[in-house]
Amino acid sequence: MKVLLLKDPKDKDSGSDPYIKELGTYGFEATLIPVLSFEFISLEGLFEKLSYPESYGGLVFTSPRALEAIKLCLRENSKNEAWSKSLKQRWNTKPAYVVGKATASLVEEIGLIPQGEKSGNAEKLAEYICSREKLNSSALLFPCGALKREVLPTILKEKGIALESLTVYQTTQHSDLQECLSSYFSQQGIPASIVFFSPSGVRFCLQHIQKLSGNFINNIKFAAIGPTTAEAMEAAGIPVSCTAESPTPQDLAAGIKKTL
């Protein structure tokens with residue numbers, strides 16, 4: 001059975017994508033189609049803020065892209081040296097809150113210790129942060145995307161926890177998306193399941209998929225990587241057959257196996 005994954009490869013240097021591997025263990029033939037492109041912005045402003053750990057109570061990351069922005073900053077020798085020599089240690093005296101394992105592992109790569117990775121979504125992470133932060137403490141620095149949801153900022157604001165957001169990337173449609181989808185459907189036919197990995201993916205792909213599937217669209221089992229994506233799918237009128245219990249290859253593969 002064929003499964004179409006609407007996501008970027010996990011890491012271009014580390015061989016097979018873990019989602020493809022895990023689905024393969026269940027006998028599924030999975031294919032990845034990258035959906036999104038990211039443009040990084042305000043990197044000088046980001047490093048300026050990272051240069052003053054004492055001004056903040058900690059860091060919040062809800063997307064791997066925010067860590068990619070920091071890594072781009074650290075490519076410059078002088079910035080990398082400043083980070084390695086003192087900034088990293090100073091930030092490590094404060095919490096680095098994260099959603100999910102993928103973001104947590106990228107936090108570890110830049111030398112910080114992630115907290116809250118089992119939260120799984122922004123709402124649960126906000127609750128976790130509220131349970132640990134004191135009122136009126138220094139603001140948490142939140143590097144984020146232009147399309148960030150307001151769930152986490154809203155919950156923290158209601159609880160009196162200060163958050164300073166900085167937009168460090170913008171999300172656009174991948175330039176080859178339409179061509180890749182057309183090619184997949186013409187060569188491989190209608191997949192048994194299609195998995196969405198973000199609300200942006202729903203927005204950019206749905207129309208093309210409806211057109212390419214025609215009357216067979218009702219035969220496809222649509223899956224979501226998490227509740228936020230599932231909500232976006234339902235809002236767009238897509239029946240959600242399964243939502244991964246947590247955003248991991250294991251939980252997604254188990255959910256699809258059950259559904260199919």
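Helices (H or I, at least four residues) and strands (E, at least two) are DSSP runs, numbered from the N terminus. This is a predicted model, so to speak of local features we need pLDDT of at least 70, while side-chain atom pairs count only at pLDDT 80 or more and totals for chains, interfaces and linings use all residues. Residues are numbered from 1 along each chain as its sequence is written, and side-chain values use heavy atoms, with hydrogens and water left out.

**View 1. The annotated span, residues 19–253, end to end.** The end C-alpha atoms of this stretch sit 8 Å apart.

**View 2. The five-strand sheet, β2-β1-β9-β10-β11.** This open sheet has parallel pairing (two strands pair if DSSP finds at least two bridges between them). β2 (29–32) and β11 (240–243) are at the edges with a single partner strand each, so one side of each has no neighbour in the sheet. From one strand to the next, the twist averages 25 degrees. Strand β1 (residues 2–6) runs parallel to β2, joined by 4 bridges, and Lys2 stands opposite Glu29 in β2. Helix α1 (residues 18–25) packs on the sheet, touching β1 and β2, and its direction makes about 160 degrees with that of β1. For such angles, axes are lines fitted to C-alpha atoms, for helices over the stretch in contact, and values run from 0 to 180 degrees between N-to-C directions; contact means heavy atoms within 4.5 Å.

**View 3. The six-strand sheet, β3-β8-β7-β4-β5-β6.** Here the sheet is open too, with mixed pairing. β3 (36–40) and β6 are the edge strands, each pairing on one side only. β3 and β8 run antiparallel and share 5 bridges; Phe38 has Thr171 in β8 as its bridge partner. Helix α9 (residues 199–213) packs on this sheet, touching β3 and β8, with its direction about 20 degrees from that of β8.

**View 4. Inside the largest nonpolar core, 26 residues.** A nonpolar core is a set of buried Ala, Val, Leu, Ile, Met, Phe, Trp, Tyr and Cys residues joined through side-chain atoms within 4.5 Å; buried means under 20% relative accessible area, exposed over 50%, partly exposed in between (1.4 Å probe, protein chains only). Leu46, Leu50, Phe61, Ile70 and Trp91 have the most contacts inside this core. Helix α3 gives the most to the core, with 5 residues. Apart from this core lies another, of 24 residues, among them Ile33, Ile194, Val202 and Ile220.

**View 5. Ser119, in the loop between β6 (114–115) and α6 (122–132).** Ser119 counts as buried because its relative accessibility is 12%. The Ser119 side chain reaches the backbone oxygen of Gly116 at 2.5 Å. Not counting residues up to four places away in sequence, Ser119 touches Val98, Lys124, Leu125 and Tyr128.

**View 6. Ala244, in the loop between β11 and α11 (249–259).** With a relative accessible area of 4%, Ala244 is buried. Gly226 is 18 residues away along the chain, yet its C-alpha atom and that of Ala244 are separated by 5.7 Å. Beyond neighbours within four places in sequence, Ala244 is in contact with Ala224, Ile225, Asp251 and Leu252.

Notes. Polar contact = N/O pair within 3.5 Å; in protein donor to acceptor, adjacent residues only side chain to side chain.
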